[in-house]
Amino acid sequence: MAPVLPLVLPLQPRIRLAQGLWLLSWLLVLVGGLTLLCSGHLLVQLWHLGTFLAPSCPFSALPQVALAASAVALGTGLVGSGASRASLDAEQYPPWRGVLGPLLVAGTAGGGGLLVLALGLALALPGTLDTGLEEGLGSALAHYKDTEVPGRCQAKRLLDELQLRHHCCGRHGYKDWFGIQWVSNRYLDPNDHDVVDRIQSNVEGLYLIDGVPFSCCNPHSPRPCLQSQLSDPHAHPLFDPRQPNLNLWSQGCHEVLLGHLQGLASTLGNMLAVTFLLQTLVLLGLRYLQTALEGLGGVIDGEGEAQGYLFPAGLKDMLKTAWLQGVGPHRPAPGEGPPEEPPKEGLPEA
């Protein structure tokens, strides 16, 4: 049975392979560490912005899987650097001979599987952000006034901090605040005729105004913030409603957060692709180095040429051997009798 993808490795190529693997493994450690940081950063961002994402949005699975995949890649790089350096010394390599095989299997199955899964999530999940942010931001705006409702007490503070930090206003623009009641009933005077007229004129009994919270105001504006009567062209002289960015943040929070999170996901996806490439090269190199040294008894400068390979036999032969080992000896069918024994010759009489 011929080995799969054999490669003849004389002495100098074996040494260069071990040295190159040492450098490549430390590069994998560096890239794996950066991917770990990117995954952690995205996870922290989602933890801060989780209020504005729908609970059903699966995007949070991306940094969690990427965190595990990058940790395994980091460990693979450390193991690869240690094994490749030990292979250059006949006294240091023997302890690695018993553990390198299982480590290669674990790195290929576990690390490779996690990286492929993380790459798939990085390609598929950013598209779910649009719907998740649409639903989450709509719920956040609706509960802005519920400062005394249990479980919603922090909604106003979080949304104000979001608009101030990310320079955005409303879900898609400042006019989104015109269609919801964002002033708490606690601060409304029930004896005020204007308040009563606004509540009665609305079918849902909400107090709607053409104003926005203070967190929508642009501090770089040269004039005081205009928060109320934004639809009345005569209420504020020299204010042009067609150019609200002169006074309010022009972008909606949906657009800002979507670009921010998709940018982080794109960066993480690129880091995962580089990590996957480096980990594949390190695992392949370690496998060839391991099989080549096994043919020399673990001595890299042994006499003769060594042959490295991925598998000791072809895929067809390996499956056939595994099948035969699993089936075991042939058992007779119910209708078949035991095989007849040949007649024994009579023993000579004493």
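In this predicted model, a disulfide ties Cys169 to Cys216, with the sulfurs 2.1 Å apart. The link of Cys169 and Cys216 is right-handed, with 85° about the S-S bond. Cys169 sits in the loop between H5 and H6 and Cys216 in the loop between H6 and H7, so the bond ties together parts that are 47 residues apart in sequence.

Cys168 is buried, with a relative accessible area of 0%, and Cys253 is buried at 1%.

The remaining pair is Cys217 and Cys225, with S to S at 1.5 Å. Its torsion is about -45°, so the disulfide of Cys217 and Cys225 is left-handed. Cys217 is buried at 10% relative accessible area, whereas Cys225 counts as partly exposed at 33%. Counting bonded cysteines along the chain, the pattern reads 1-6, 2-3, 4-5. As for other cysteines, Cys38 is partly exposed at 24% relative accessibility, and so is Cys153 at 40%.

The loop between H5 and H6 also holds Ser184. With a relative accessible area of 13%, Ser184 falls under the 20% cut-off and is therefore buried. Leaving out residues up to four places away in sequence, Ser184 touches Lys145 and Thr147.

Turning to the packing, the largest nonpolar core has 52 residues, and those touching the most other members are Leu42, Phe52, Phe59, Leu62, Leu162, Trp177 and Val212. Helices H1, H2, H3, H4, H5 and H7 each supply at least two residues of this core, with the largest share, nine residues, coming from H7. Beyond its neighbours within four places in sequence, Phe59 is in contact with residues including Leu42, Leu46, Leu125, Leu129 and Leu261. Apart from this core lies another, of 16 residues, among them Leu28, Leu104, Leu286 and Leu293.

Finally, the unreviewed UniProt entry annotates residues 21-44, 64-83 and 103-125 as "transmembrane region". Residues 21-44 are 100% helix, with the end C-alpha atoms 34 Å apart. Residues 103-125 are 96% helix, and their end C-alpha atoms lie 31 Å apart.

Definitions and conventions
Residues are numbered from 1 along each chain as its sequence is written. This is a predicted model: local features need pLDDT of at least 70, side-chain atom pairs count only at pLDDT 80 or more; totals for chains, interfaces and linings use all residues. Side-chain values use heavy atoms; hydrogens and water are left out. A nonpolar core is a set of buried Ala, Val, Leu, Ile, Met, Phe, Trp, Tyr and Cys residues joined through side-chain atoms within 4.5 Å. Buried means under 20% relative accessible area, exposed over 50%, partly exposed in between (1.4 Å probe, protein chains only). Helices (H or I, at least four residues) and strands (E, at least two) are DSSP runs, numbered from the N terminus. Contact means heavy atoms within 4.5 Å. UniProt positions are given in the numbering used here, feature names are shortened, and annotations may be inferred rather than shown by experiment. A disulfide is a pair of cysteine sulfur atoms within 2.5 Å.
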